[in-house]
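Please keep the sequence and the structure in view while reading.

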Amino acid sequence: MKAIRRFTVRPVLPEPLRPLDALARNLRWSWHPPTREVFRAADPVLWEKSGQDPLRLLAALTQDRLTALAADERYVRRLGEAAAGLDAYLSDGRWYQEQDPAALPGAIAYFSPEFGVTAALPQYSGGLGILAGDHLKSASDLGVPLIGVGLLYRHGYFRQSLSREGWQQETYPVLDPGELPLTLLREADGTPAEIALTLPAGRVLRARIWQAAVGRVPLLLLDSGVEDNDRAAREVTDRLYGGGSEHRLHQEMLLGIGGVRAVRAYCRLTGHPAPEVFHTNEGHAGFLGLERVHELLSGGNPAIPDFAAALEAVRAGTVFTTHTPVPAGIDRFDAELIARHFGPSAELPALDTEDVLRLGRETYEGGQPHLFNMAVMGLRLAQRANGVSTLHGQVSREMFAGLWPGFDAEDVPITSVTNGVHAATWVAPEVFALGAGRIGAARAEEAMAVGGSPRWDAVADIPDADIWGVRGQLRARLVGEVRRRLAASWRQRGAGAAELGWIEGVLDPDVLTIGFARRVPSYKRLTLMLRDPERLTRLLLHPERPVQIVVAGKAHPADDGGKRLVQELVRFADDPRVRHRIVFLPDYGMGMAQTLYPGCDVWLNNPLRPLEACGTSGMKAALNGALNLSVLDGWWDEWYEPDFGWAIPTADGSAHLDEDRRDDLESEALYRLLEERVAPRFYDRDAQDLPGRWIEMVRRTLTSLGPKVLAGRMVRGYVEDLYAPAARAHRALVPEAAGQLAAWKAKVRAGWGQVAVEQPETTATGTGAEYGASLGLRVHVSLGALAPEDVEVQVVSGRVDADDRISEPHTVPLKPVGAGPDLEGRWTYEGPLALDRTGSFGYTVRVLPAHRLLASPAELGLVAVPAEAKGDGGGVLMR
């Protein structure tokens, strides 16, 4: 018979074992091996059966076993040490507490649609969620006062299996919050804390707030599975990235608007400092800015005069991170759908619907004004924005340049902070032991959390045999895991035990092992390796230098094209000729990844450049000594060196190539690298059977890449370059200042049409147009109703190309001279122009709005240049 309802019956822990509950409910156990060992020691068999989930383990332990553990003095002592270690971790000062507190925000709210913290809390689909989880964990290690905000999806993403024909199939197991490492946020009287949103037609969307403890960082997850909701409202948090447009809109309203309300409730009930900075991880949470504007306008604060002033106050403390390099990856809604959900008779009644729509409309050249773009709203609501690698920052500036008309892409105010990964989560214990054996466990943990190359350089002294021995252990463990998972997959596909004897010969612990695992959109090119199946077969079966490949990845449930790619790969891997050398493992997730990354010798990544925003899987592999074989995209474009990997040549600069021809060229480059460089180096052994040159590349990977790819480095970058400036701006934008800034912007926008700059006059002050000389510049500027303090006049100089475009520009402000404008109303500006570069050199002048509270001179998207500079070659000096 089938149960009509399920719930978890928790064991009664004997007094000596009470700390187990606290240890299980703080997710630090997921990256802290000593704590994990305490749980494993309680029952090693149940620990594995529980999926290494402490709460499931505790629920499965018998009362007799708990009584025996409570009487085991050695176990109780180890438990006490683990509990004391957690208390110290939560209370001791860390990196953040060593900084100047006046210069840093008291708290930061970090919003993301998904969080990949641990497989025991399956609230992620891929890289965005894993990145968000690593961000929280590293913030905890560094002591950054972050509050994470997301949604609790009752069905998670999906579990992937394969049909007999290799077609992806999805299942959505129900998640019971009572079985997850979560606690319900409650009011002082014990009732669950709730937030509510108003939907059209008088409907209400209610949500409760579950808390996960990610070390020192609270993660708030909103759950619409509330009995008082109607059925549609209860299903808002059913699946990650599921449903149609209105369903997605309700999810994003709950995440952004409801998320801010959840943060306010959490701070009110716990005494946590209110956030000064709000960080939007991708556009899904962009409505958080509207809720904060609404707070200011509906709070009865007479110093906030209007929407424009409230918008300035909110923008000052907001950071927006974009993760997509293509417009198709951005959520866009019909403007009429947005209009129905906001305004006097719907949510955020203090806001005018047109003000809301203006924030997200694509009102730029090439945009579609009838669509509401979540990334566009995110950028307009944030004073600071970034991409997630240097190359992605460049791509983002080009993609969103329409929001700043008149500016070159390099002037668009979107910076970059390259992603990183949480080393304590992803480094195999054997690799950690290599470093800890040199500098001690405590210093090794600190090096992984904070970084610093001197400590990572200790790897340089580890003998070749030790490094190679660990690599062999990790490869052998992967082989065992692959066989176990492959057998389970084939049983799901309908195979009987008599058909599966061949699986015992799948993979070889001594063969060069390549890994490829990620989501399966077309641009990641899962099947590029299959471009020439016979050539790949020869690589796999080479008599002296064989290669074996482990592949994993999920296609979106609605992406039949991605599913066809999975099926193509599976059918190739099913071929009896090669199935012992190439495998596809379904249901890729964190549990699989933690064995896959360390066990591979080479990590393969071959996206269409430049469509990989960052791509952190190769970072996780590198931290375990795997070598990257990748297209120069994302982080690899930034940090690649021949000492620790290979770059796959690309044809992305050839605009005339069609997609098929490009894939032909790049797959050929991949095959050649594997045949001529990668495999020969792996199998080039010395008298001790050690591949000395390969091991040196592993060593260089650990010492050179290790400190760079850390999430600790990433989070420090956010703190120093984005959070701290945003906190200063937030403090400066008190209501009166916000009103003044909004009024000044309105004045500048209204008067900018009268701003004009004439061609500059030049006078030589040196020996002419020679390197080291300088020119005197004078330019007349008409400002109309504006004053000199409202603008900055700049000379922009540098080398020029054949089209007179200035590259690597150098900017110097010019100063106004004279007591006022001349009889024609023009102001005169003067200054020197240094000829500090040889070759074709050029300059121009421009006028920009200037105010001490602007984060960037391009913030308003306004610029004035000489009329001739808009045509061909204004201001070029010499060639």
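## Terms and basis

Contact means that heavy atoms lie within 4.5 Å. Helices (DSSP runs of H or I, at least four residues) and strands (runs of E, at least two residues) are numbered from the N terminus. Axes are lines fitted to C-alpha atoms, for helices over the stretch in contact, and angles run from 0 to 180 degrees between N-to-C directions.

The model is predicted: local features need pLDDT of at least 70 and side-chain atom pairs count only at pLDDT 80 or more, while totals for chains, interfaces and linings use all residues. Residues are numbered from 1 along each chain as its sequence is written, and side-chain values use heavy atoms, with hydrogens and water left out.

## The chain as a whole

The protein chain contains 29 helices and 28 strands. Its C-alpha atoms fill a box of roughly 95 × 70 × 50 Å along the principal axes. The radius of gyration, taken over C-alpha atoms, is compared with a globule rule of 2.2 Å times the number of residues to the power 0.38. The chain agrees with a compact globule, because its value is 29 Å and the rule gives near 29 Å for 879 residues.

Of the 879 residues, 57% count as buried, that is, under 20% relative accessible area with a 1.4 Å probe and protein chains only; exposed means over 50%, and partly exposed lies in between. Among contacts between residues at least 6 apart in sequence, 73% join residues at least 24 apart.

## The annotated span

An unreviewed UniProt entry annotates residues 13–121 as "domain: DUF3417". Such annotations, given here in the numbering of this chain and with shortened names, may be inferred rather than shown by experiment. In the model this span is 52% helix and 4% strand, and its end C-alpha atoms lie 23 Å apart.

## A six-stranded sheet

Six strands form an open sheet with parallel pairing, in the order β17-β16-β15-β18-β19-β20. The edge strands, each pairing on one side only, are β17 (582–585) and β20. Neighbouring strands are turned by 20 degrees against each other on average, direction ignored. Pairing requires at least two DSSP bridges between two strands. Helix α20 (residues 464–492) lies across β15 (512–517), β16 (547–552) and β17, at about 65 degrees to β17.

In β15, six of six residues are buried. Leu512, Ile514 and Phe516 point one way, and Thr513, Gly515 and Ala517 the other. In a regular strand the side chains alternate between the two faces of the sheet. Six bridges join β15 to β16 in the parallel sense, with Ile514 opposite Ile549. Two bridges join β15 to β18 (residues 602–605), where Gly515 stands opposite Trp603.

At the β20 end, four bridges link β19 (residues 627–631) to β20. Leu629 faces Trp646 across this pair, and Ser630 stands opposite Ala647. Together with helix α25 (residues 634–639), β19 and β20 make a right-handed β-α-β unit; right-handed means that, with the strands pointing away from the viewer, the path from the first strand over the helix to the second runs clockwise.

## Glutamate 347

Glu347 sits in the loop between α12 (335–341) and α13 (353–360). Is Glu347 buried or exposed? Its relative accessibility is 4%, so Glu347 counts as buried. The C-alpha atoms of Glu347 and Asn606 are separated by 44 Å.
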